[in-house]
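Here's a quick tour of a protein model, written for someone who likes to know the cut-offs. Have the coordinates open as you read.

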Amino acid sequence: MLRVHFTAEDLARVQVATELDPLWETVLGLQQLTCPGRGARVFRLWRRQAGEVVTQRQLEGAVRMLSALVPSSGAFPDFLTPAAAASGLDAGLDAVRGTPLGRLRRELRWLPVPARRGPAPLWLRDLAAGDRDRMAELTDALRAVHEAVSAPHWPEAAALVEADRALRARTLRDGGVHGLLGSLCTAVRWDPPVLHADYPVDRDLRLNGRGLRLIPSYFCWRTPVAFVDPELRPVLVYPVDHGTPGAARDDRQALPALLGRTRARVLAALDDTATTGELARRLRVSPASASQHVHVLAAANLVRSRREGNQVLHSLTPLGSALLSGRVPLGTSLT
């Protein structure tokens, strides 16, 4: 069990990551790829496709290299998932390359003994000694595995994370921070002032006024993940809801087929009201592109826009909400 202890100052400093984190998704995706028992049903098709890409691109060596640092269970080094990756993969890899030698050595000692069998010990010793060529091999492997394993499924993952963010925003609006912390996933329970999370070890994390950054993740499965080092800025990576296999998954694929992938993402992003600029940032498109898609959806009575001051706010109509959720609440007029 992980117990995260909040103060009043921490409650005021809770934030939700704005989008998928490329290095967290790469590391957690690697665990899903190399440990078939994890999320077997949800990731079955993805695992087969990712395995085929790894074989086609001859990345077995890169996967083995990273698996030496990311065992299927137990701790892995925090330096693999730096906060800088929130600004993109390149920024994250730059931060990995810049890991201080003392920290590198300390975190490599966290690896369980089974992860060091075979040829890995020599490679890990070189890395711990500050060998720049080994670090270059590591960051090249992270990039290659990200492009092969995570990137092809980024649109679906981003849509699920954006839907989760919209839900958290609505929960925060209606229930405050207490409602937000109580809504994360079934593995997390909020009992003020302590957040309890299912965890592989028994641990207490005291925020001490630093706040908590919540990171919704596509490849995180069942239980949240936190940094091992309690001195780092606290984060809690938690799994988004994948829905039930089968029909629900087909529904998520049907909406992009009906509207187009980008407009389906616009619809999902507007589950929480946004300005054109906010929508563009959520979708990582230009404001002009976001505005164009909104106008098309508004013409179909899926989105409604209204001006407030010098801003235009966009939100879903009842018809747009029904299309996004796949159901019409009783008594709801779609006009």
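Below are notes on the model, its sheet, its cores and its cysteines.

## Ground rules

This is a predicted model, so local features need pLDDT of at least 70 and side-chain atom pairs count only at pLDDT 80 or more, while totals for chains, interfaces and linings use all residues. Residues are numbered from 1 along each chain as its sequence is written, and side-chain values use heavy atoms, leaving out hydrogens and water.

## The sheet

Three strands make an open, parallel sheet, ordered β2-β6-β7. Strands here are DSSP E runs of at least two residues, helices are H or I runs of at least four, and both are numbered from the N terminus; two strands pair if DSSP finds at least two bridges between them. At the edges sit β2 (14-16) and β7 (235-239), each pairing on one side only.

Three bridges link β2 to β6 (residues 212-217), and Val14 has Leu212 as its bridge partner in β6.

## The cores

A nonpolar core is a set of buried Ala, Val, Leu, Ile, Met, Phe, Trp, Tyr and Cys residues joined through side-chain atoms within 4.5 Å. Buried means under 20% relative accessible area, exposed over 50%, and partly exposed in between (1.4 Å probe, protein chains only). The largest core has 56 residues, with Trp24 and Leu69 among those with the most contacts inside it. Helix α8 (residues 132-150) gives the most, eight residues. A second, separate core of 21 residues includes Val14 and Val188.

## The cysteines

A disulfide needs two cysteine sulfurs within 2.5 Å, and the count is zero. The sulfur of Cys185 has its closest cysteine sulfur in Cys220, 7.6 Å away, so that's too far for a bond. Cys185 counts as buried at 17% relative accessibility, as does Cys220 at 2%.
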